[in-house]
Each structure stands twice: as C-alpha cells, then as structure tokens.
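Please examine the sequence and the model below. The paragraphs that follow lead through a selection of its features.

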Amino acid sequence: MAVCTVYTTQSLHSTSSISTPSKTHLGFNQKKQILFYNSGKRVANRGITTVPWVIRCSGDTVVIGLAADSGCGKSTFMRRLTSVFGGAAEPPKGGNPDSNTLISDTTTVICLDDYHSLDRTGRKEKGVTALDPRANDFDLMYEQVKALKEGKAVDKPIYNHVTGLLDPPELTKPPKILVIEGLHPMFDQRVRDLLDFSIYLDISNEVKFAWKIQRDMAERGHSLESIKASIEARKPDFEAYIDPQKQYADAVIEVLPTRLIPGDNEGKILRVKLIMKEGVKYFSPVYLFDEGSTISWIPCGRKLTCSYPGIKFTYGPETYFGHEVSVLEMDGQFDRLDELIYVESHLSNLSSKFYGEVTQQMLKHSEFPGSNNGTGLFQTIVGLKIRDLYEQITASKAAAPLEATKA
Amino acid sequence: MASSSITPLNLSSSFSSRPILSPSTITSLGAATRRQEKRPRAATVKAMGGGGGGGAKYKGTKMREARLREIIEEKVAEAKEACEGEAAASAECRVAWDEVEEASQAKAHLRLKLEVLRQDPLESFCGDNPETDECHVFDGDEE
C-alpha cells in the first residue's frame, strides 16, 4: 500500500498523513485527487495551497550511497552532484548549526557519522576507531534509510565533529534523492540492498599522503611525521572495514599518481579511473569510441595543443572483484577550455542533456579542487549518470500503475 | 549527440598561468559569480589556510576554527605519547591518531566551506538569531 505524506515547507512540524491504495483506477492522478485532513478537521484543498506544501509518496525516494574516507561534507562531490539537478545544497535552516546534513530542492545528503553509536569519549573508552563497525549503529541506519526511502520523515541523530558528542536529533524529511555519505554506506547488507546506486572513492596511499600533507601541513601541531603516523595507524581498520566495500560499488573512482611523469610523487598530476560495473539496472557505462573494445587515446596532437604533461585516456573492459566492469581512465590535466570540450565530444553515453553539459558543469565549479583533472570530470559524469538513473526509475514507477490498470 | 547552442566561449584563451579553468571569459552561468581571487589552489603542494581569518564571518565560526585547531594540537601530542615504544600497535595508539584525523578533517571541511564555497555555516542560524554572542560579525580581517 502506498503511503503519501503532506509536508508544509514552512513549518517543520505540521504534517498530515494519508494513505492511498496503490491499485486504483486513478492511475497517475492519484496524487491530485486526495483530500487533506488536519487533526480530524477537513481542510479544503484551497486552504492548504496558500501554504507551500509538498507531497511525497512512498517509493519515490532514490537512495545513493557514497563511500570515502575524507569525512562528511565531501562538499565538492556533493555540490557537483546537486548542481546537476539544479539548486545549491545548504545546511538545514533553523536547526543545529553543527548539522552535517545538506539539503537542496531535490537532494538531501546525510552524513553517516550521525549513526555513530559511540561518541568520541565512548570510542576512547572502548578502544575503537570511528572506522570500526562497533562504533556505528547499523540497525538505526537501516531503519532510518528504509523509512526515508518509503517516504517517512525520521528524527536523525547529529554527530557533532567539533565537540565529539551526539547532539539531539533533527527532523529529516524524505527527499527525491537521498545520498548517504560516509565510511560505511555499503557495510551492512540490509543498507546495501536499499541503495539504488553506490559509489566508492578509492584514493591510493601515495595520493592520500600527498593530499593530507597539503591539507594538514599548515596546521600547528602537525608535521610530516604526524601525518604519516596518522595514516599508518588508521590503515589496519581501514583495510579491514572500509576498503572491502569497494567490491559492492556500482562505480569506483580510483585516484592514483600520474604515469606521465616518471618518478613524480608530488601528487599534483593525477591518474583517475572510473570503474563502472556492467549489468547494473538503469546505469549505462560511459565509453570511448567503441563500446567494449580497448582504446588508448592521446587527444593532444594536430587538432589540440596541450601543455606538459598532456592528457592520456584509456578505456576497456576488465574484471574487478569477479565482476565485469568497464574502465575509463584519465591521466593528466586540463589547462584550457577547448581541451575539455574536445574530450567531452569524444566520450559516449555521458547521459548529458546537451552537447557541452559536462564542460559547463565543470566550469560552474572551476574553483573546486579537481576541476582540471579526472576527479572533477568523473564526479561530474557520475552526477549525470545519477540524474539519468533517477529519471529512469521515476519513469518506470509512473508506468507501473498504468500497467496495473491494463491488467 | 544533439548539438545545441552553448554560451560563446573564448576557445583560444590560455590559462596556463593558473592551473584551473576560469569562467572569467564567459558570461555568468547563473551559479556563483564570485570573483576569482589569486590564491593558491588546494591541490598545489603549498597548503591553503591554516591560520586565523580567511573567511569566517561570525564569532561562533571563528571560535569553532580555534577550537578545532586546539583539538588537533592536543590530540597529536596525545597520540605521540600513546604510541611510544611498545604501545605503537595498541588500540589506544590507533584511536588517538583517529581522533587527530577526525579533527583534521573537520577543520579542513570548515576551511573549504569558508574559502572555496564562501559560506559561513552559521549563516542561517545567525539570520534568525543575530543578537547572540556567537553571531557577532567581524569586519574585514579584524582578529
């Protein structure tokens, strides 16, 4: 049975719940033909439409999982994703200023740290890191992601990264697209089964080290040794609990040092792989020139002039943890706009809505890290793929009642 | 691929002096139209930010920045101690470095929000509660 809930967008607390039978002769129009009830009193449609409201029926929410070890607020990936759908993602208004949640018109991004069962003190007492599953409440995570997917609002806890404490919960309403990001989106099987699409951001050790140096060296208290020690100390838990999730991901973005400059260990130029699982419903991998073949492509030459060290693409079928995948790899960086457009024009199955959309999206966020290399490019492409997936899922759901009426 | 009109782009422009693409030669795409300032990119080896200032608008945010900075310093010292000698493989040692990482990540995200996204996390809260101490606004680079 489909459950539809009405939310007034002004007040967080006024909701009315009504249920409609899913099998109805109303078909697509079932949403429009509902009467609204507010605490037993019948309120006319007209009365409610003066207050902005939104109706969300169960089964509308598409859930995306994003795994990475860089904490929440992978703002750049999330902003690229939300901007593909239009609108900017902001923290929730009027709530806890230390909330980790981001909300846009279509998308809500939840930080899985909010499901820590142990706060900083608790973890210290028990001797577990945040990477350890024992520090996380997977039952609650499953319960709430399931509820949101079914169109129900939840009171989600907040993990405060400054104080290290668990703050009082915030009301989280089901969005069109729910993104759960953090260390363990694919760890628990039940949560995994709720995901419509999953991504794993796999940063190689050398690149991780280089990025952490850039990130932390300016902080008092940090030194090269402390950064190295921190990475080493977290490795065992990372390899035991986080890394194995990548076998479940529909798409993996793997970031490695470049091969274009021999002996380069500065981590400035990156080789980025987009590993795309074959056979995933609603997901058609991007390809270069000829799907399923193996290609090596250097766009720089007579038509395009690139500066050192240039750009190199490879594409081909591979096996990844026993699955068939297609891998698109970019090594090098973009220096000029025309390089980006030239590359875009040669990629196929981008799920873009117009020629140049990928370039336009990259330019929109040109100040973000990764805007001139494969990380930004593939994050943008994954964003378009998610949009495509979302549209296909909603179209297939709309078609379902029609099918029922034909029966 | 359907061809359609794109905003006219200056395809011959070269931005080789800066490693990132700049939209400054194109009309605004409707998104943020903030001016590109000449500051080192996060991806260059020289680290961004770190010290005070750099974008916090409200006192509460400055306080959080300072607090995180303190936490990092404290936790690094604690971790070095917890990992001395034989304790290097202990759970205490791992937890201590994980705490350092947590605080470093939080600080980096705050810095990213302030310097790249130009958003103060207290914006919405302070919009509703301008009189609170946390929402005292700093002018320019007042410390």
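In this predicted model, two helices of chain B, α1 (59–82) and α2 (91–115), each contribute at least two residues to the lining of the second largest cavity. The greatest contribution comes from α2(B), which supplies six residues. Sorted by class, the lining comprises ten nonpolar residues, ten polar residues and four charged residues. In total, the structure holds five cavities of 30 Å³ or more.

Which residues of α7(A) are buried? They are A:Ser226, A:Ile227, A:Ser230, A:Ile231, A:Ala233, A:Arg234, A:Asp237, A:Phe238 and A:Ile242. Helix α7 of chain A, which spans residues 224–242, is bent by about 40° at A:Lys235. A proline, A:Pro236, follows within four residues of the bend.

Attention now turns to loops of chain A. The loop between β14 (270–277) and β15 contains A:Tyr282. Although A:Tyr282 is not a glycine, its phi is positive, at about 70°. Its relative accessibility is 23%, and A:Tyr282 therefore counts as partly exposed.

The loop between β15 (287–288) and β16 (295–297) of chain A holds A:Ser293, and A:Phe289 also has its place in the loop between β15 and β16. A:Phe289 is another non-glycine residue with a positive phi, here of about 65°. Is A:Phe289 buried or exposed? A:Phe289 has a relative accessible area of 70%, so the residue is exposed.

As for A:Ser293, a polar atom of its side chain lies 2.6 Å from the backbone oxygen of A:Asp290. Leaving aside residues up to four places away in sequence, A:Ser293 touches A:Tyr315, A:Gly316 and A:Pro317.

A further loop of chain A, between β16 and β17 (311–320), includes A:Pro309. The peptide bond that leads from A:Tyr308 to A:Pro309 is cis, and its omega is near 0°.

Definitions and conventions:
Residues are numbered from 1 along each chain as its sequence is written. Chains are lettered from A and ligands numbered from 1 in the order in which they are written. This is a predicted model: local features need pLDDT of at least 70, side-chain atom pairs count only at pLDDT 80 or more; totals for chains, interfaces and linings use all residues. Side-chain values use heavy atoms; hydrogens and water are left out. On a 1 Å grid over the protein atoms alone, a cavity is a set of points where a 1.4 Å probe fits but cannot get out, and a pocket is an open set with protein on both sides within 12 Å along at least five of seven lines; lining residues have an atom within 4 Å of a point. Grid points are joined across faces, edges and corners, and a volume is the space filled by probe spheres set on the points. Ala, Val, Leu, Ile, Met, Phe, Trp, Tyr, Cys and Pro count as nonpolar, Asp, Glu, Lys and Arg as charged, and the others, Gly among them, as polar. The bend at a residue is the angle between axes fitted to the seven residues ending there and the seven starting there. Buried means under 20% relative accessible area, exposed over 50%, partly exposed in between (1.4 Å probe, protein chains only). A polar contact is a pair of N or O atoms within 3.5 Å; within protein, one must be able to donate a hydrogen and the other to accept it, and residues adjacent in sequence count only if both atoms are side-chain atoms. Contact means heavy atoms within 4.5 Å.
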